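Please look over the sequence and the structure shown below before reading on. The briefing that follows is grouped by topic.

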Amino acid sequence: MRAETQSIVEDIKRSVGLLRRHLDFDASNARLAELNQLAEDPALWNDPERASKVMQERNALEDQLNAIGRIERELQDQVEMIELGEAEKDQAVIADAEQAIAKLKTEASRRELEALLSGEADANDTFLEVHAGAGGTESQDWAEMLLRMFVRWAEQHGYKVEYLEESPGEEAGIKSATVKISGRNAYGWLKSENGVHRLVRISPFDSNARRHTSFANARVYPVVDDRIVIDIKESDVRVDTMRAQGAGGQHVNKTDSAVRLTHIPTNTVVACQADRSQHKNRARAWDMLRAKLYELELKKREEKAAAEQAAKTDIGWGHQIRSYVLQPYQMVKDLRTGVSTSDTAGVLDGDLDQFMAAALAQKAFGGGPDHVDDVE
């Protein structure tokens with residue numbers, strides 16, 4: 001076996017070992033047996049909310065435990081295939097096995113990082129807001145592209161996406177939008193996307209085909225479940241109703257179904273127009289407000305909260321976390337970790353894992369670059 005392949009094999013074994021220790025493999029298997037027994041109890045299904053939580057925990061734990069066993073088995077199979085290929089001098093067999101091992105390395109590394117998502121709300125669903133920066137149509141079009149990028153990432157990872165609010169741009173794109181992304185560790189992965197995103201391209205709206213720089217802001221905050229209690233005084237919240245914007249049929253034009261809540265002490269604003277029922281939109285807006293205030297509290301506990309908050313206040317130059325350059329060359333570069341790629345089309349189509357993984361690893365282990373130069 002080549003030394004490079006042997007090194008990858010050892011890396012995979014190390015990752016699997018860390019996963020076993022992190023999960024406490026024996027205790028997790030015992031907990032899975034307990035959850036399976038609960039799931040078989042007909043009485044559990046009399047309480048749909050509790051049943052849902054039991055099944056969610058069961059499925060997540062089963063997925064983690066099965067992945068460990070499967071990676072170990074597949075690794076052993078591919079090592080044996082390499083040994084067989086070497087014995088028979090079959091380079092095609094060896095190449096196929098090495099390619100399979102490389103894929104296992106990617107999965108094992110991702111699983112290892114995912115195991116670090118142990119924050120108080122990392123496992124929760126998440127709300128994602130996108131806001132266009134200054135610049136009119138250019139930034140509004142970029143905001144819509146950014147939203148599509150996140151939605152594509154979510155869909156590729158099997159998450160459910162629900163549109164809650166959207167404010168269309170005057171000519172193209174969006175001024176703002178809010179979606180709910182549901183699935184295991186949705187917040188844990190997406191929280192690294194908080195911040196300002198910068199786009200450089202030849203403007204499709206400029207008849208002189210000049211290069212333009214646009215900015216849009218992404219805001220990610222966790223859906224608060226019943227394990228987390230957030231008390232909000234109703235007297236601190238201003239409630240506004242309005243007609244929903246955008247296409248929606250005659251109903252939208254005749255009723256004030258959209259709801260906006262403003263938490264006066266923190267100047268936190270949320271809006272929901274997903275449903276034709278004002279009552280349902282109001283309930284969802286309260287959920288969003290609780291989630292947003294909880295996220296603010298989480299930020300206060302972090303050492304860099306002040307700097308991060310300052311970066312969000314100005315959607316413009318000097319505050320970006322990532323730059324996307326489409327002209328005169330192709331480059332996406334993260335200004336926190338230094339990770340970059342020339343596959344701009346892939347990134348804008350949702351290929352964000354490399355950036356998320358690097359940001360999570362940097363936060364967990366440190367060792368990131370002191371300074372990263374932006375791209376022009």
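Arg336 is partly exposed, with a relative accessible area of 24%, and forms a salt bridge with Asp334, whose closest approach between N and O atoms is 2.8 Å; Asp334 itself is buried at 0%. Here buried means under 20% relative accessible area, exposed means over 50%, and partly exposed lies in between (1.4 Å probe, protein chains only), while a salt bridge is a side-chain nitrogen of Lys or Arg within 4 Å of a carboxyl oxygen of Asp or Glu.

This is a predicted model, in which local features need pLDDT of at least 70 and side-chain atom pairs count only at pLDDT 80 or more, whereas totals for chains, interfaces and linings use all residues. Residues are numbered from 1 along each chain as its sequence is written, and side-chain values use heavy atoms, with hydrogens and water left out.

- Salt bridges that share partners join Asp63, Arg70, Glu74, Glu107, Arg111 and Arg184 into one network.
- A search of the whole structure finds 30 salt bridges.
- One of them links Glu98 to Arg2, with the closest N and O atoms 3.0 Å apart; because Glu98 lies in helix 4 and Arg2 in the segment before helix 1 (3–23), the pair ties together parts that are 96 residues apart in sequence.
- Within that pair, Glu98 counts as buried at 19% relative accessibility, whereas Arg2 is partly exposed at 44%.
- Arg198 forms a salt bridge with Asp374, the closest N and O atoms being 3.2 Å apart; Arg198 lies in strand 4 (residues 195–202) and Asp374 in the segment after helix 11 (353–365), so parts 176 residues apart in sequence are tied together.
- Arg198 is buried, with a relative accessible area of 2%, while Asp374 counts as partly exposed at 22%.

**Helices and the surface**

- Helices (H or I, at least four residues) and strands (E, at least two) are DSSP runs, numbered from the N terminus.
- Asp77, Glu80, Glu83 and Glu86 gather in a patch of negative charge on the surface, where a patch is made of residues with over 30% relative accessible area and no salt bridge, like charges being joined within 9 Å and nonpolar side chains (Val, Leu, Ile, Met, Phe, Trp, Tyr) within 5 Å.
- Of these residues, Glu80 lies in helix 3 (residues 48–88) and counts as partly exposed at 42% relative accessibility.
- Thr106 is found in helix 4 (residues 91–115) and is exposed, with a relative accessible area of 56%.

- Eight strands form an open sheet of mixed pairing, in the order 2-3-1-5-4-9-10-11, and its edge strands, each pairing on one side only, are strand 2 (160–168) and strand 11 (340–341); two strands pair if DSSP finds at least two bridges between them.
- Strand 1 (residues 126–132) and strand 3 (residues 174–182) pair in the antiparallel sense over six bridges, and Leu128 stands opposite Val179 in strand 3.
- Strand 7 (residues 258–263) and strand 8 run antiparallel and are joined by five bridges, with His263 standing opposite Thr268 in strand 8.
- These two strands form a hairpin with four residues between them, and Asn267 in the turn has a positive phi of about 55°.
- The C-alpha atoms of Val270 and Thr106, which are 164 residues apart along the chain, are separated by 38 Å.

Key. Accessible areas come from the Shrake-Rupley method with a 1.4 Å probe; for residues, only the protein chains shown count as cover. Lys and Arg count as positive and Asp and Glu as negative; His and the chain ends are not counted. The place of a charge is taken as NZ of Lys, CZ of Arg, CG of Asp or CD of Glu.
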